[in-house]
Each structure stands twice: as structure tokens, then as C-alpha cells.
Amino acid sequence: MHPPDADAVLVRHGDVGIKSDAVQARMEARLAENLEAQLDARDIAGSVETEYGRLVIHTDDVAAATDAAAETFGVVSASPATVVEPSLDAIRSALADAAREHYHGGTFGVDARRAGRHDFDSRDVGREGGQAVWEAVEDAFDPEVDLDDPDVTFSVEVRETRAFVFLEKRAGPGGMPLGTQRPLVALVSGGIDSPVAAWLAMKRGAPVVPVYLELGPYGGPDHEARAVETVGRLARWAPNVDLDVHRIPAGDALERLADAVTNTRMLSFRRFMYRAAERVAADVGAVSIVTGEAIGQKSSQTTANMAAVAGATDLPVHRPLLAWDKQEVVAKARDLGTYTDATMDVGCDRLAPDQPATAVSRERVVAAEPDALLEWAEDAADARETVPVDPGFDGRASEDDADDAEVSNAR
Ligand SMILES: Nc1ncnc2c1ncn2[C@@H]1O[C@H](COP(=O)(O)OP(=O)(O)OP(=O)(O)O)[C@@H](O)[C@H]1O
């Protein structure tokens, strides 16, 4: 919902605003780049302007640009808006136009904010704006003001050189602009959890390099296709980041592992996976690994077993879903469009022994596994191929250089 003649989208960020001025300016510039990439990818004509604390998309297609902003990390909210000069007259007139188009009875309120130097304050805007709305609709309706919970809110944000009039504040994902952290390798399976974990890492500004282990007889084309498809959904959030999937052929090694090891097999598989991910990370300049593991979700994810598999990589392993319940993950996956109803009897479920160990020491895991297991992992990682993903846009913007990512937690 937007006022008549809206030709801008006012974009707000959150955590970026608590950085030092210099870091904030850099992060806002990155957010502007990412918004431009979103416009490009969706074929929306427009440009992005940065003003301290806010970004403004100038476009005639405010509905599509608002959708794009709402799928951009770092954006807390976005409002399709009409831009007028910062005077009470101009604001009154824009509010009256908006009221004639969007007020159809019931209660209304004017929410006014102001920053900069003006010869009026936000209370003046609220009072005069409210009156303008009232006068615009009183002949046709019986308007009533409710400032606490109105049916329609007419909002005004007055900045130093202009004022924005809008009716909607669309929520974005929040977080930090993508590319403001160094990249991570994301271990993505065809399951529900790992895409959510990768999305959460991206939400905090870290581009991910998706890695899928192709499991030979334990996996299958459907499993792989699902992994690639869910990464495609994630790619909608990151049109200027290369999210093509690094596919590691792990089937042979897993068969050898399954022949050699029984009840600690899953733990050795996890060690294999971390080492393979570490190898990819070294090649692509990623600094850690992110997985969809959660405490107690499977026997290999008890607190004891997560401790037992540490040591296969020197890189930190981040588990953003560590304390999430399955229902919470499913709800988020549905939200993101990465959820799929089909359960597949593949992957870890097929590789798991009948009686997996739930609390083993690291020494026992290592003693039971083939001596060369971690070398097999490195060899498999070296034999990887990349599989393109489809974000579902018509066009695809060019890839972002991971080296560009800045480490910007200076504060
Ligand atoms: N074939 C695979 N390729 C890449 N990563 C994998 C693979 N299988 C598992 N992982 C990683 O290990 C984590 C835990 O493995 P788990 O057995 O719980 O996976 P899953 O249930 O098949 O998938 P998910 O955790 O995504 O729902 C996954 O979240 C993912 O990060």
C-alpha cells in the first residue's frame, strides 16, 4: 500500500546504526550496493541513495522495489513513499492525497517523526497532518482519530531536506549487509536445517560458500537436487554473491568408511565432512564452517558427540541452530521457502548404524576409523565440481569478490 505518486522506498537498517560513524558509512555503502544488485536481478529500474541512517530507492516501481528491499539483509523495514519538500504545507497536501485514496472509514492516526532543522516539530506535523486527513475525507466518511491502534496509519518522516509520506512499513530480515563479514563455508544437505543455518549466517553479513557432499549409494540425485534447489532459494537473498554449490564426491570414501567402522561411523563421517569443508575454505578464503546441527537432534549431535568430532578441523564450526527446536526450524524454513515436505530415506539416515554411539570419546572415534580418512576427505574436496543454482530471477548479477568483504566489527 503506498500513497499516490509514490516514487521512492525509504529503507531503514538496525544494527548498522550502532557502529561508529566510519563503519556505519561503509556498511551503508555496502547495503546500497546490495540493494542495487537486488534491483538489477529483478529488472527494476531505479537507483539507491544513501543518507546517514537511511537509504532511499528512487524508482517508479515502488511495490517491486519494496519486495526487493524486504529480501535484503540488513534491512529492518522499507516503506514505499511519496517525497515532498519538508514544509507543513507540502506534507498536509500529500497526506490529504493519501487519505483520499486509502481511507475508507474507521479510525486513523498520523505518526510523525522528524530529524534535522525545521521551524516546526513532530507534534505540529501530527496535529496539522491529522487535520488535513480529516478535512480530506470528512464529507464522505465519519472519521475518528485513534493514535494507539488506528485502522489506517498515515506516516511522515521529515528529514533535513525532504519529507517522506507513507502508509506501510514492510519488515525486512534485519541483520547486517551481506559482505560485511568474511565468508563461511556452509555445509548444506538436502535437509531442512542446513539452509536455515546458512541463511542465518548470511543474515549477519557473512556470504556463504555452499558445500554439498555427494553421498554415492547413501545419497542419490533427489537428495542432491533438493540441496541445490534450496540453495537457489537462498540465492534470492544474495544476487551479487556466487552461491553455486561446491559438490564433493564422497560416495567412495563413505563406502570404505561404512565397511570399516560400525557404531562410531556417523562421527567419523562428520570428521570427514569438516575436513572436506576446511579444504574448500582454504581455497575460497572462507574463515569458518556453518552447519545445521542442533543439540540432541541426532545421536551424532549430542553434546558429547559434538565434542568428540572437534579436532578434525582447525576452523571454528558455527551452529546457529544449536538451541532451536525442530518446530522452530520448520517454521523458519517455511518462511524462507526452503522447507520441503518430502522426507527422504537418504544421507545420514541411510548411513547410520543400527546402534549409533551417543557419547564416545574423541580417541575412540579416531582409533576406530581408517588412518587415511581425513586425507580421503581432502582428496574428495579437491575433486569437487560446482553446480549452478537458480535463484528464480530472470537475470543474474555478477559475482561478488569474497575478498572484498570487510571485517567491520571495529566497535
Ligand atoms: N550430504 C551433506 N552435504 C553437506 N552437508 C551435510 C550433508 N549431510 C549433513 N550435512 C551437514 O551436517 C549437518 C547435520 O547433519 P544431519 O544428519 O542432521 O543432516 P540432515 O538431517 O540430512 O540435514 P539438515 O540438518 O540440513 O536437516 C547438516 O545440517 C549439514 O550442515
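Colleague: In which hand does H8 pass H13?

Modeller: In this predicted model, H8 passes H13 in a right-handed crossing. The axes of H8 and helix H13, residues 373-382, come within 8 Å and cross at roughly 45 degrees, and because angles under 35 degrees count as roughly parallel, H8 and H13 are therefore oblique to each other.

Colleague: Which residues in H8 and H13 meet?

Modeller: The general idea is that an α-helix has 3.6 residues a turn, so residues three or four places apart point the same way. Here, H8 contributes Ser268, Arg271, Phe272, Arg275, Ala276, Arg279 and Val280, which meet Leu373, Leu374, Ala377, Glu378, Ala380, Ala381 and Asp382 in H13. By class, the residues of this contact of H8 with H13 divide into eight nonpolar, one polar and five charged.

Colleague: How are H7 and H8 oriented to each other, roughly parallel or roughly antiparallel?

Modeller: The angle is taken between N-to-C directions, and a value over 145 degrees counts as roughly antiparallel. The axes of helix H7, residues 251-260, and H8 come within 10 Å and cross at roughly 150 degrees, and H7 and H8 are therefore roughly antiparallel to each other. On the H7 side the contact is made by Ala253, Leu254, Leu257 and Ala258, and on the H8 side by Arg265, Ser268, Phe269 and Phe272. The contact of H7 with H8 has six nonpolar, one polar and one charged residues. As for hand, H7 passes H8 in a right-handed crossing.

Colleague: Which residues does the UniProt annotation "binding site" cover?

Modeller: According to the unreviewed UniProt entry, the annotation "binding site" covers Leu187, Val188, Arg270, Gly292 and Gln301. Arg270 has its place in helix H8, residues 265-284, whereas Gly292 is found in the loop between strand E13 (289-290) and helix H9 (303-308).

Colleague: Why does Arg270 count as buried?

Modeller: The test is a count of neighbours, with 20 or more other C-beta atoms within 10 Å as the cut-off for a buried residue. Arg270 counts as buried because it has 24 C-beta neighbours inside 10 Å. Leaving aside neighbours within four places in sequence, Arg270 is in contact with Ser300 and Val309.

Colleague: And what does Gly292 touch, not counting residues up to four places away in sequence?

Modeller: Gly292 touches Gly191, Asp193, Ser194, Val196, Ala197 and Leu321 on that basis. Gly292 is also buried, because 25 other C-beta atoms lie within 10 Å.

Colleague: How many of the residues of helix H5 are buried?

Modeller: H5, residues 193-203, is mostly covered, with nine of its 11 residues buried. Those buried in H5 are Asp193, Ser194, Pro195, Val196, Ala197, Ala198, Trp199, Ala201 and Met202. The cover over the buried residues of H5 includes strands E10 (184-187), E11 (208-214), E13 and E14 (317-318), together with helices H6 (221-235) and H10 (326-336). H5 is followed by Gly205, whose phi is positive, near 100 degrees.

Colleague: What share of the residues of the whole protein count as buried?

Modeller: Of the 411 residues of the protein, 48% count as buried. The secondary structure comes to 13 helices and 15 strands, and the C-alpha trace spans about 85 × 40 × 40 Å along its principal axes. Among contacts between residues at least 6 apart in sequence, 82% join residues at least 24 apart.

Note on methods
Residues numbered from 1 in each chain as written. Predicted model: local features only at pLDDT ≥ 70, side-chain atom pairs only at ≥ 80, totals over all residues. UniProt positions renumbered as here; feature names shortened; annotations may be inferred. Helix = DSSP H or I, 4+ residues; strand = E, 2+ residues; numbered from the N terminus. Buried ≥ 20, exposed ≤ 12 C-beta atoms within 10 Å, placed from the backbone. Contact = placed C-beta atoms within 7 Å. Axes fitted to C-alpha atoms, helices over the stretch in contact; angles between N-to-C directions. Parallel < 35°, antiparallel > 145°, perpendicular 65-115°, else oblique. Left-handed = near helix turned anticlockwise from the far one by under 90°. Nonpolar A, V, L, I, M, F, W, Y, C, P; charged D, E, K, R; others polar.
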